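Please work through the exercises below with the sequence and the model side by side. Each task is followed by a solution that goes step by step.

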Amino acid sequence: MFPGQNSLRIVSKFFALFTLALPLLFTGCAWTGRTSTLDPKGPIAQIQFDLFMITVYVCVFLFVVVGGAFLYVVWKYRERPGQPETPIPQNSHGNPLIEIGLIASSVFMLVIIAVPTVQAIWITHDMPDRPDSHLGAYYGGEFLSPGEEEEVLTIRAEGYQWWWAFEYPQLGLTTGNEFVIPAGKVVRLELRSKDVIHSFWLPKIAGKVDLIPGRNNWMWIQAGNSYNEWLLDQGLPPMQEGHRAEYENYLEAEVYDMYYGQCAEFCGDSHAYMLFRTKVVSPEEFEAWVAEQKQPAPAPDGGGDWGAWFARALGDPSSLAGDPIQEGAYLYHTKGTCIQCHKVEGSPSSNGVLGPDLTKVGSRTSLAAGWMDHMSADGGINAGKQYENLVDWIYASQDIKPGNLMYYGDNALQHIINPEDPDANPLTREEVAKIATWLQTLQ
Ligand code: CUA
């Protein structure tokens, strides 16, 4: 036995195992999975996908040509029986035809990739000035000034460790971790960071752009084709009316959906849990959503006056006993210290800005920046799961998303409640459950 033979055997065994395990690795891939870039649902994602495929075709061509030549040479100059001396083929080094030919074909391959790349950079860099995407063109907009009406819908995405705030400055509303956009319309995103570098990535709709502290980046996104793009796609002449119903069918079948995004830049312990969701709806549904989101939270006693409720609750907390919604709201505003970081529009004292806006938290399909899911099969809210998630999250958020700023245990904001302090009085699980019951009513 030669000395190297043993290690050779180990290596070949390893390769055999690796080859056998390869299909297992591929089962983790799904062509149309939630965050697949191979299933584009908007023009920007489509441009990027096409660019990727051009690169793939070029690489496959090179692989076949170079690999084919290699196999041919190996086969042609193989050792034959009865021919102990393998002749060394003539060396073509320095042959000008081959040298120049190889350089020229490499440059040609690069040009094939470079031209569409530069085109794609221009397209994604310049926001299309499309009249049907102007706010005034589709949005009733009673709260828009005339100047704003002609602007494209703008969403300000702010990254925090580890969640997202989405503000619609023209419409005067803010939401957290989930936002809604109308299908087929150009949307301008303003990207800002409140702490470290994050990256906005909504794979099926657009590529990534970083959120950098002290610098405003922007990108434009669009879910689904506009009517004219769709006509073009169908091989129909542009601006032709009469196909609106088919276009609506296309949106219904292909575009209206929940899309899943992810922070794509390492930003600390819980970077992997910094997700978000984007719901794409029809313009009519979008308007209804805006009107709903602009409503302040009702007072906990069923929609009366917040001031009066506060005076009653603070004056005689025992009057709330037996009503978990009112008790929960009371705990949220007093013992829970929640109001230091969270805002609930309507409440006179919950005006925090460090955490997500909770005015409509009950209407969101997830919690903890998309990490805890409670979306039902039909896209609505699974109330039982939502309640469970709220209780688990508020009670033990550090176990779920380590390092977040929510009060809890040893790693929490020590200056709010120190667990070693004999006077410390943390929330019990029963109290947390009541807070969750109230938060669920914020829809
Ligand atoms: Cu934010 Cu990673």
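Predicted model: local features only at pLDDT ≥ 70, side-chain atom pairs only at ≥ 80, totals over all residues.

Residues are numbered from 1 along each chain as its sequence is written.

**Exercise 1.** Determine the strand order of the sheet that contains E4, and describe how E4 is placed.

Solution. Begin with the elements themselves: helices (H or I, at least four residues) and strands (E, at least two) are DSSP runs, numbered from the N terminus. Two strands pair if DSSP finds at least two bridges between them. On this basis the order is E4-E10-E9-E6-E7, in an open sheet of 5 strands with mixed pairing. Strand E4 (178-182) and strand E7 (206-211) are the edges, each pairing on one side only. Neighbouring strands here are turned by 25° against each other on average, direction ignored, where the angle is taken between lines fitted to C-alpha atoms and angles run from 0 to 180 degrees between N-to-C directions.

Next, look at individual pairs. E4 runs parallel to strand E10 (residues 275-281), to which 5 bridges join it, and glutamate 178 has arginine 277 as its bridge partner in E10. Strand E6 (residues 198-202) and strand E9 (residues 257-263), by contrast, run antiparallel and are joined by 2 bridges; here tryptophan 201 has glutamine 262 of E9 as its partner.

Finally, consider burial, for which a residue is buried if 20 or more other C-beta atoms lie within 10 Å of its own, exposed if 12 or fewer, and partly exposed in between, with C-beta atoms placed from the backbone. Because 4 of the 5 residues of E4 are buried, this strand is largely enclosed by the rest of the structure.

**Exercise 2.** Which strands form the edges of the open sheet that holds E3 and E8?

Solution. This sheet also has mixed pairing, and its 5 strands follow the order E3-E2-E1-E5-E8. Its edge strands are strand E3 (173-176) and E8, each of which pairs on one side only. From one strand to the next the twist averages 25°. Within the sheet, strand E1 (residues 153-160) and strand E2 (residues 163-168) run antiparallel and are joined by 5 bridges, with arginine 156 opposite glutamate 167 of E2.

**Exercise 3.** Describe how H2 and H3 are arranged, and what their contact is made of.

Solution. The axes of helix H2 (residues 43-76) and helix H3 (residues 96-125) come within 10 Å and cross at roughly 175°. The two are therefore roughly antiparallel, a term used for angles over 145 degrees. Contact means that the C-beta atoms of two residues, placed from the backbone, lie within 7 Å. Among the residues making it are Ile44, Leu51 and Val58 of H2 and Met109, Ile113 and Ala120 of H3. The contact residues divide into 12 nonpolar, 4 polar and no charged.

**Exercise 4.** Is H2 hardly covered or well covered, and what covers its buried residues?

Solution. H2 is hardly covered, with 3 buried residues among its 34, namely Pro43, Ile44 and Ala45. Their cover includes H3, E7, strand E8 (217-221) and helix H6 (227-233).

**Exercise 5.** Which residues of H12 are buried?

Solution. In helix H12 (residues 429-440), the buried residues are Val432, Ala433, Lys434, Ile435, Ala436, Trp438 and Leu439. What covers them includes helix H10 (324-333) and helix H11 (383-400).

Notes
Parallel < 35°, antiparallel > 145°, perpendicular 65-115°, else oblique. Nonpolar A, V, L, I, M, F, W, Y, C, P; charged D, E, K, R; others polar. Expected span 1.5 Å × (residues − 1).
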